[in-house]
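Hi,

Here is the structure I promised to pass on. Have a look, and my notes on what turned up follow below.

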Amino acid sequence: AQGNCSHRCGVQDGPCSCHPTCFGLASCCSDIRDFCLEILPYSGSVMGGKDFVVQHLNWSNSTDGVICRFKESIQTRGFVDSSGRVHCVSPLLYETGRIPFTLSMDNGCSFPRSGTWLAESEKSQLVNETRWQYYGTASTQGNLTLTWNTLALPTNSITIELWGYKETGEASRNYQRWKVGALRIVNSKHHAGENNEHALAWHLGDDFRADPVAWARAQCLAWGELEDQLPNFLEELPDCPCTLAQAQADSGRFQRRPSSDCRSYQPPRLASTFGDPHFVTFDGTNFTFNGRGEYVLLEASGTDLRVQARAQTRMTPEGSQDRGTGLTAVAVQEGDSDVVEVRLRDGAGALQVLLNQEVLSFKEQRWMDLKGMFLSVAAGDRVSVMLSSGAGLEVSVQGPFLSVAVLLPNKFLTHTRGLLGTLNDNPSDDFTLRSGQVLTPSASSRELFQFGADLVSCGWLAPPSNGHKEGMRYLVGSTVHFH
């Protein structure tokens, strides 16, 4: 039925809305919380076993028919506790990031309710790694010990499983012979067999038991031979910064992975906007543009990278509007990636982050691995978005407005346009209109107004319902104000 949210979460059409933005418009279907699920906790280990509670859904009838389905294929059995709260248990998943799930209260006959689970990598710590590495060889015996963060698995009784892993998919068969072990720690109440488990077998093999040293040596030699056949993956990755100063300056593109030898590291090309608002283009041109509305900061062909921003006036302590403007929100998308919007939280001097128009919470973690991007938040006043192309975006609070820095690798040369200019080491053509007309670097204020008006965004990356105060407006033929 179009008047409720059964099977309609995320949908805006019909007599009422089932999209998260409807809360700001007061246009939600009355049963949205019954079908569009909020959960706590909302994240857990990719290895599964985390118990989470569905909020706002109280089930008065005791039932054994609770089934939680992840990615339309992986199911776990949930339950209803004595207080009527509905629980799900996360399964073993083979990827990190936001995983869609649906909920059935009739033993799998129908799944009208839906939500999102955030799967993350969790690590246990091996005590005495050398003993783990050489266990079974001469003079290496005894107990093996590992520790883990108990907050990630709040239970008094656990099960430890040994798992095997090898590469499958689109890679050549020569690259699929990996034999890697993994430990899985789950709640002992986990129902065996629900997740198609396949425990590692080599530790039970006769060759391993007969001579662990020879077995390990054969594995190493086989791995070495395979390694020689593989392409040089480092050549496919951008080189990491080499010094602390470089890493701090390049924080919008990188997050804590091992560095290479630094010989071919190239600093990113930087453009920024800040204050009321001042712009520094990729080629170093400085200008001020006091427009009000939504604008294209950057568009880049090749990767289809788009960065848009909203500029608004500030209210003075006396309640009147300043003549100047500043950025209050910015949105980014590359290709068919997720859409991330970062905006000033009203009156709080802090940032609010939206993913595909849904407000995110960072109470349980400070980073998220999303579709086509990696999102990191620091202390509520700085957000970094690292994109799969190697581009990066860093948004922070600076006074009453946002400060935005965009970092691009050299492959974006000659492929950009927008208020942040044309990246080609030639500042004379930074003010290029859509028609191809180029304004001179000494352009007057009126000419800069023409440049800015030419870059009005004709459609926000994630347009909500018209007039929705919670998101960016969908602008067609917008009026641009210039002071």
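How many aromatic pairs does the count come to? It comes to 10, where rings of Phe, Tyr and Trp (its six-membered ring) pair if their centres lie within 6.5 Å, and planes under 30 degrees apart count as stacked, over 60 as edge-to-face and the rest as tilted.

Before the details, some housekeeping. This is a predicted model, where local features need pLDDT of at least 70 and side-chain atom pairs count only at pLDDT 80 or more, while totals for chains, interfaces and linings use all residues. Residues are numbered from 1 along each chain as its sequence is written, and side-chain values use heavy atoms, with hydrogens and water left out.

**Rings**

One of the pairs is Phe52 with Phe70, edge-to-face at 6.4 Å centre to centre and 85° between the planes. Phe52 is in strand β3 (residues 51-58) and Phe70 in strand β4 (residues 67-70), so the pair links distant parts of the chain, 18 residues apart (strands are DSSP runs of E, at least two residues, and helices are runs of H or I, at least four, numbered from the N terminus). Phe52 counts as buried because its relative accessibility is 0%, and Phe70 is buried at 0% too (buried means under 20% relative accessible area, exposed over 50%, partly exposed in between, with a 1.4 Å probe and protein chains only). Ring pairs also join Phe52 and Phe70 with Phe101 and Trp117 in a cluster.

Another pair, Phe279 and Phe287, is stacked, with 5.0 Å between centres and 10° between the planes. Phe279 is buried at 2% relative accessible area, and Phe287 is buried at 7%.

The charged end of Arg69 is 3.8 Å from the centre of the Phe111 ring, and Arg113 lies over the face of Phe35, 4.7 Å from the ring centre.

**The second largest pocket**

This pocket holds about 1500 Å³ of space (on a 1 Å grid over the protein atoms alone, a pocket is an open set of points where a 1.4 Å probe fits, with protein on both sides within 12 Å along at least five of seven lines; lining residues have an atom within 4 Å of a point). Its volume is the space filled by probe spheres set on the points. Of its 48 lining residues, Pro20, Leu37, Arg98, Glu358 and Val359 are the closest to the centre. β9 gives the most to the lining, with 5 residues.

Cheers

Definitions and conventions. A charge sits over a ring if NZ of Lys or CZ of Arg is within 6 Å of the ring centre and within 35 degrees of the ring normal.
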